[in-house]
Amino acid sequence: MDKRIINFNPGPAALPEPVLQRARDEMLNWAGTGMSILESSHRAKPFEAMLNGAKARFTELLGIPDTHQILFVGGGATLQFAMVPLNLCPPDGTASYIVTGSWAKKAYQEAGKVGRKAVMAATTETKEKTFHRIPKPEEIKVEGDPAYIHLCSNNTIFGTEWQTYPDLGKHVMVGDLSSDFMSRPVDVSKFGLIYAGAQKNVGPAGVTVIIGRKELLALEQPNVPTYLKYKIHAENDSLYNTPPVFGIYIVALALDWMKEQGGLTAIQKRNQEKGQILYGAIDGSGGFYRGSADKDSRSLMNVTFRLPTEELEATFATDAKKAGMIGLKGHRSAGGIRASTYNAVTVEQVRTLVDFMKEFQRTKG
Ligand code: PMP
């Protein structure tokens with residue numbers, strides 16, 4: 001392979017080329033230190049400047065209000081499935097979950113595993129066609145006074161996404177934004193806490209971004225191990241222990257790139273354009289390609305669809321690979337095809353996929 005592949009992987013996923021080039025250029029001598037970021041101390045001034053720069057960029061791009069603080073931790077979004085209930089829900093409290101996919105369900109189950117009473121406010125899991133839609137506001141049933149209500153913004157496996165977040169009134173909304181974080185503007189003030197693994201839209205695996213309301217980050221529950229306390233990370237400004245240094249650095253570069261792209265409104269417009277092209281091709285295929293998600297719940301990040309047979313789906317993925325496009329095989333639990341079109345995937349690359357889809361249908365349909 002002598003050129004870059006077209007990468008539709010669901011995560012880790014495509015990164016913007018200028019980000020990779022800058023990381024390469026700075027690899028041997030980062031920020032005039034005479035060494036790489038990988039060799040630098042997280043307690044030294046250049047790192048502190050980079051960390052503060054990343055936080056400032058997040059604040060600027062997302063319009064994060066003063067009420068909220070940004071944290072960087074390891075452990076993936078999966079660790080947040082445990083940290084959220086451990087910190088935000090008292091041992092005798094209740095945590096409520098809107099279950100719209102496998103990751104949301106894992107989050108719900110984890111709350112039970114750490115000893116909290118977890119209840120479902122809604123679920124779209126069914127025997128016939130599971131997790132193919134986002135629930136309507138009237139389907140969300142909140143009983144009692146839960147410590148928070150958790151939702152998953154974009155369901156990576158099934159290809160559904162909240163088009164607008166529900167109004168949960170006085171309740172604290174917690175969001176797993178892992179797979180659509182920084183793909184569109186978000187009103188952070190509506191959330192008590194947001195978390196997102198970086199490896200889709202904002203960087204490499206190994207760092208999770210948390211944006212939490214300060215008084216929630218200050219909550220303390222009994223018997224929480226030190227690293228798992230938001231309070232510890234908040235008080236130490238993400239430097240309680242050695243943070244995921246390289247991951248934070250790549251996130252900082254990706255944020256610079258997002259700023260150069262015109263910020264989140266411009267990025268959202270481009271993601272919408274890619275979605276229109278790809279879903280347009282699916283809907284215009286006369287039924288050869290069938291979108292897996294309900295139209296009003298379609299994700300702009302993970303476009304899921306079926307072909308007439310599973311054999312054709314397998315051939316589609318292998319032929320696409322031969323044509324220089326990878327990552328199109330659907331998740332093993334959902335089957336079908338999934339094209340993940342995160343921020344770094346270009347409009348042109350999506351057009352290349354659509355041309356391939358048309359040719360595939362013409363020759364194999
Ligand atoms: N939430 C969502 C929406 C995801 O897509 C994923 C990973 N694909 C996770 C959580 C788990 O993330 P991690 O692998 O970083 O723990």
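Visitor: What orientation do H9 and H10 have to each other?
Guide: The model is predicted: local features need pLDDT of at least 70, side-chain atom pairs count only at pLDDT 80 or more, and totals for chains, interfaces and linings use all residues. Residue numbers start from 1 along each chain as its sequence is written, and side-chain values use heavy atoms, with hydrogens and water left out. Helix H9 (residues 310–322) and helix H10 (residues 347–364) have axes that come within 11 Å and cross at roughly 130 degrees, where axes are lines fitted to C-alpha atoms (for helices over the stretch in contact) and angles run from 0 to 180 degrees between N-to-C directions. Angles under 35 degrees count as roughly parallel, over 145 as roughly antiparallel, 65 to 115 as roughly perpendicular and the rest as oblique, and the orientation of H9 and H10 is therefore oblique.

Visitor: How many nonpolar residues does the contact of H9 with H10 have?
Guide: Contact means heavy atoms within 4.5 Å; on that basis Leu312, Thr315, Phe316, Asp319 and Ala320 in H9 meet Leu353, Phe356, Met357, Phe360 and Lys364 in H10. Ala, Val, Leu, Ile, Met, Phe, Trp, Tyr, Cys and Pro count as nonpolar, Asp, Glu, Lys and Arg as charged, and the others, Gly among them, as polar. By these classes the contact has one polar and two charged residues, and its nonpolar residues number seven.

Visitor: Is the crossing of H2 and H7 left-handed or right-handed?
Guide: Helices (H or I, at least four residues) and strands (E, at least two) are DSSP runs numbered from the N terminus. H2 and helix H7 (residues 245–260) have axes that come within 9 Å and cross at roughly 40 degrees, which makes H2 oblique to H7. A crossing is left-handed if the near helix is turned anticlockwise from the far one by less than a right angle, and right-handed if clockwise. The crossing of H2 and H7 is left-handed.

Visitor: How many charged residues does the contact of H3 with H4 have?
Guide: H3 and H4 pack at an angle of about 45 degrees, with axes 8 Å apart, and H3 passes H4 in a right-handed crossing. Phe81, Ala82 and Pro85 of H3 make the contact with Trp103, Lys106, Ala107, Glu110 and Ala111 of H4. By class, six of the contact residues are nonpolar, none is polar, and the charged ones number two.

Visitor: Which strands stand at the edges of the sheet of seven strands?
Guide: Two strands pair if DSSP finds at least two bridges between them. With mixed pairing, the open sheet has the order E2-E10-E9-E8-E5-E3-E4. Each edge strand has a single partner strand, so one side of each is left without a neighbour in the sheet; the two are E2 (68–73) and E4.

Visitor: Which residue in E4 is the bridge partner of Tyr97?
Guide: Strand E3 (residues 94–99) and strand E4 (residues 117–123) run parallel and are joined by six bridges. Among these pairings, the partner of Tyr97 is Met120.

Visitor: Which strand of the sheet does H3 run at about 160 degrees to?
Guide: Helix H3 (residues 76–88) lies across E2, E3, E8, E9 (193–197) and E10. The strand to which H3 runs at about 160 degrees is E9.

Visitor: What angle does the direction of H8 make with that of E12?
Guide: The open sheet of three strands has the order E11-E12-E14 and antiparallel pairing, with E11 (290–291) and E14 (337–340) as its edge strands. Helix H8 (residues 263–283) packs on this sheet and touches E11, E12 and E14. The angle between the directions of H8 and E12 is about 10 degrees.

Visitor: Which residue stands opposite Gly291 in E12?
Guide: E11 and strand E12 (residues 302–306) pair in the antiparallel sense over two bridges. Opposite Gly291 stands Phe305.

Visitor: What is the omega of the peptide bond from Gly11 to Pro12?
Guide: Most residues other than glycine have a negative phi, and most peptide bonds are trans. Pro12 is found in the loop between strand E1 (6–7) and helix H1 (17–25). The bond from Gly11 to Pro12 is cis, with omega near -5 degrees.

Visitor: What is the phi of Met182?
Guide: Met182 lies in the loop between E8 and E9. Its phi is a positive value in a residue other than glycine, near 65 degrees.
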